[in-house]
Protein chains: 2
Amino acid sequence: MCTLQKLIQDLNITDFAEQFYLKEQLIISVGKTSNHVVLMAQLLSQGKCHGIHAFIVQIRSEKDHTPLPGISVGDIGNKIGYNAMDNGFLRFDNVRIPRRNLLARYSRIEKDGTYIPAKNPRLAYGTMVFVRALIVGGCSKSLAQACVITTRYSAVRRQTEIRPGGEEPQVIDYQTQQEKIFPLLAAAYAIFFTGDVMLKEYVRINADMEKGIFDEMAALHGLAAGLKAYSAEITSNGIDKLRRACGGHGYSHASGLPKIWTYITPACTYEGENTVMYLQCARYLVKQYAQAATGQKLVGFMSYLNNPVKQRSALNDTLNMSDMIEAYEHTAARLIKVAATRMQSLMKSGVSVEEARNMCGVPMVSAAKAHCEAYVVKLFSSVVNRNDLEPSVARVLQTLCKLYAVYGINERLGDFIHDGFLDGQQADMILNQTLSLFAEIRPNAVALVDAFDYPDKILQSCIGRYDGRVYEALYEYAKTSPLNKQEVHGSYYTTLKPLMEGKLKFDSLSARL
Amino acid sequence: MCTLQKLIQDLNITDFAEQFYLKEQLIISVGKTSNHVVLMAQLLSQGKCHGIHAFIVQIRSEKDHTPLPGISVGDIGNKIGYNAMDNGFLRFDNVRIPRRNLLARYSRIEKDGTYIPAKNPRLAYGTMVFVRALIVGGCSKSLAQACVITTRYSAVRRQTEIRPGGEEPQVIDYQTQQEKIFPLLAAAYAIFFTGDVMLKEYVRINADMEKGIFDEMAALHGLAAGLKAYSAEITSNGIDKLRRACGGHGYSHASGLPKIWTYITPACTYEGENTVMYLQCARYLVKQYAQAATGQKLVGFMSYLNNPVKQRSALNDTLNMSDMIEAYEHTAARLIKVAATRMQSLMKSGVSVEEARNMCGVPMVSAAKAHCEAYVVKLFSSVVNRNDLEPSVARVLQTLCKLYAVYGINERLGDFIHDGFLDGQQADMILNQTLSLFAEIRPNAVALVDAFDYPDKILQSCIGRYDGRVYEALYEYAKTSPLNKQEVHGSYYTTLKPLMEGKLKFDSLSARL
């Protein structure tokens, strides 16, 4: 039987955490450190542009680390966080790159300048899918860390007696606090399992590709683009919500939350900006929709587009997962149809395909989000219903999964009741069930975050400590602040004292500062 | 006739900006600077607790700035931003505060310990309302600054040719980029006008209060609590969205966006944590609902709770503002009813009022948000329909106001179509109109942000410059980074060089760091 601990250990969450810990200390990048770079640049040959390719280029001398002739390189200055990452600028002025510096596994260039393209353009998708799967996993881990801190702190922190004169409850007992934490805890698990499945799918499909079988790579590529954006968006917004759920302490570096957030929010931007990724996913979906519309049978996860359109959902307060998955797939299919038919009608009215695509950007993004959400709900459900899970573990994970599904419907209710697939009564039931699930998860919340098994040295959080000694830790942290090295700070002598003695005028102060 | 410039100048936006600029440099607070504090503490007398009162307390010597006996005080360490704010910790050990140090304008204590309470407990509301009105205004100004930067940058930045070989469009021409910026630009104006009206209401109602008239203060207090939370939430989430809309540059301090965000996101927490504020607002609303249910006529903005419940909205593609306001008020009234009836049925089933309140936390917050949104939409509409506005100004502001209203419906569509007040066809129309309004606002977008008249020295943004010379400024900014003082950084000699020469093993490196 598979315990929760084992389920998580299988996925190497702590290994990743260790990497995170090290990464914060040692990141080699272009600003001041690298002497060679992989440069993405247009390949021009025989007067023709063959698009972006990767070249290995030496930028600094191996002897004394000075930039090579024609190269300007340096640091780009401070960022909101992640300052251990040595981001830099790089400028080339008439720098020649030898032909053999092209990374030529798939496409190459002959001595005479003849360009030999890759056998299949989809070969380039492999690495992108791999990196995006890693990002999905990374997002879930950052979100999990923030959940650990916020859940533990909320179980320690007490606030505002409910009855006058009574004991102040732990803030985690407030429904509004549960609403902030528990859906994100569910999301951390959901995205975590998603990242794992994506990696396994990548390995399987990549092996096929090496054998020349390219059938599934386009589907995985479209999905991976969307899931990268979806995970990064939930994670970035979620950690910020959790930070605020810790009140003023969340704003302090003492909580560890700012560092987690600044570390992962760039995932919305790097390796394909989120909106661009959603649009890439949506283009794949719209194509699939067109194929389904002509009666073609779609394979794998896309097959829901072949389903006959049902009028009404049977979802009731038992929250049957197959009813919920059906609701998500129905909604995704409807939103893909909205984007696709808008595209078609614009093009029929004479708008070019490129313009039409831009004029459908917002509905396309909505379609992609709905598709990703349907995928994650279905995947999460399949994991928590594995029959090798220990029954008590299965029960609590199934509750989390139900919350994930039902909370998502409540959040984007309009999309689900727009065509009457769910009605107002079902919407009321969904709100009631969401609130009941909060109460059901409450007793297991601390155990669910402890299960991630992040040691204190990785969380680096005074308020998320395993032993719950939050206030002692905060006080110790404050005492180590550099400003506390002197009881009376130097600015007292230079500014405050002369000001109080009338030797410095307040008006002249702002000019001096 | 009132021009846009005049409308904005009347509200002193640039004055505020100047204050912001100075504030970042000179903030006196408890950590290392203050020698006196206003302390909020329980007042105990004759064995009875009279609740929280404000006391003025000296904490440091006026002679040498050392903490007085029994007082521990110091800095609390680094935060994610706003580090010029001298936040500190403060601990008292057997410190006696003289009786006359109580700030005793409204309530006081006699020499013999007799407590004289305030004539009316609502007197204490005044300052809270005033400060919250200031926060609403402050939020709008931070959001406006972020809109200036993002709009200008999006008009300079070009990305991805729409047609192969064609010119890359300005990113502001992408519908998805418009979706990120324009609703927040509308919100900046909406919240800006809201803060102004709140201040004027405060002045009027406070003058009444000085005369002993307390009728309207409870209503304003409830509303101000909600509007503070609503403005801070939109602003904090909005600036972060705008930051991400600037891609990687938004993450760099070169953009100015991190500083604006870290400066204002604490507004979600200080002066009443947002969720607590929404709940405070909701408690007032539920009370008002109960009064309306007994047939009592409500005054002012609350009077919509007296409206007979209509079944269907007449909203069509002319986007009549009165139809939109009606839809917002209908939805707010329904959500207040949901919270109130849930409360009642819980209490009927034997749950205590305190427990029932907690078990309605989430629906209460939803009700408060809907109420605040209805208020802001109505107020925004009344400003942009003032008949002293220059017609061209009125036209563009009315478009912004329509976008604000229609975008809000689309965002929280479920609440509006839940009971069929709007139907699926109207929802489709709303999406179409939202996209059309983006296109309508596009030509005026840069002018709408220039109108805020923030000088470059306040924005401190390479990418939000008035002259649009983004890339030159970024390059200059990068060159001034302290790491660029030396072409070859010291770490090359201590680490990289020995590593490359085999004199340092990679494995021992992480241990050394």
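This is a predicted model: local features need pLDDT of at least 70, side-chain atom pairs count only at pLDDT 80 or more; totals for chains, interfaces and linings use all residues.
**Notebook: two chains and an axis**

Then I went through the contacts between the chains. I noted 68 residues of chain A in contact with 68 residues of chain B. Which helix of chain A gives the most to the side that touches chain B? I found helix α10 (residues 353-359), with 4 residues. By class, I listed 28 nonpolar, 25 polar and 15 charged residues on that side of chain A.

**Helix α12 of chain A**

I turned to α12, residues 391-411 of chain A. This helix has 21 residues and reaches 30 Å from its first C-alpha to its last, close to the 30 Å expected at 1.5 Å a residue. I looked for its buried residues and wrote down several, among them A:Leu397, A:Leu400, A:Lys402, A:Tyr404 and A:Gly408. What do the buried residues of α12(A) pack against? My list for chain A reads α4 (175-210), α9 (321-348), α11 (361-384), α13 (413-417) and α14 (424-441).

**Domains of chain A**

The domain assignment gives chain A a domain 1 (36-118) and a domain 2 (124-296 + 321-446). Their centres, taken over C-alpha atoms, are separated by 36 Å. I found 5 residues of domain 1 in contact with 6 residues of domain 2. On the side of domain 1 that touches domain 2, I have 4 nonpolar residues, 1 polar and no charged.

**Two positive phi angles in chain B**

Last, I checked backbone angles. Most residues other than glycine have a negative phi. B:Glu271 is not a glycine, yet its phi is positive, about 55°. I located B:Glu271 in the loop between α7 (257-264) and α8 (274-293) of chain B. Is B:Glu271 buried or partly exposed? I put B:Glu271 down as partly exposed, because 15 other C-beta atoms lie within 10 Å.

B:Gln460 also went into my notes: its phi is positive, about 45°, although it is not a glycine. I found B:Gln460 in the loop between α16 (456-459) and α17 (470-479) of chain B. B:Gln460 has 17 C-beta neighbours inside 10 Å, so I count B:Gln460 as partly exposed.

Notes. Residues are numbered from 1 along each chain as its sequence is written. Chains are lettered from A and ligands numbered from 1 in the order in which they are written. Two residues are in contact if their C-beta atoms, placed from the backbone, lie within 7 Å. Ala, Val, Leu, Ile, Met, Phe, Trp, Tyr, Cys and Pro count as nonpolar, Asp, Glu, Lys and Arg as charged, and the others, Gly among them, as polar. The expected span of a helix is 1.5 Å times one less than its number of residues. A residue is buried if 20 or more other C-beta atoms lie within 10 Å of its own, exposed if 12 or fewer, and partly exposed in between; C-beta atoms are placed from the backbone. Domain bounds come from an automatic or database domain assignment.
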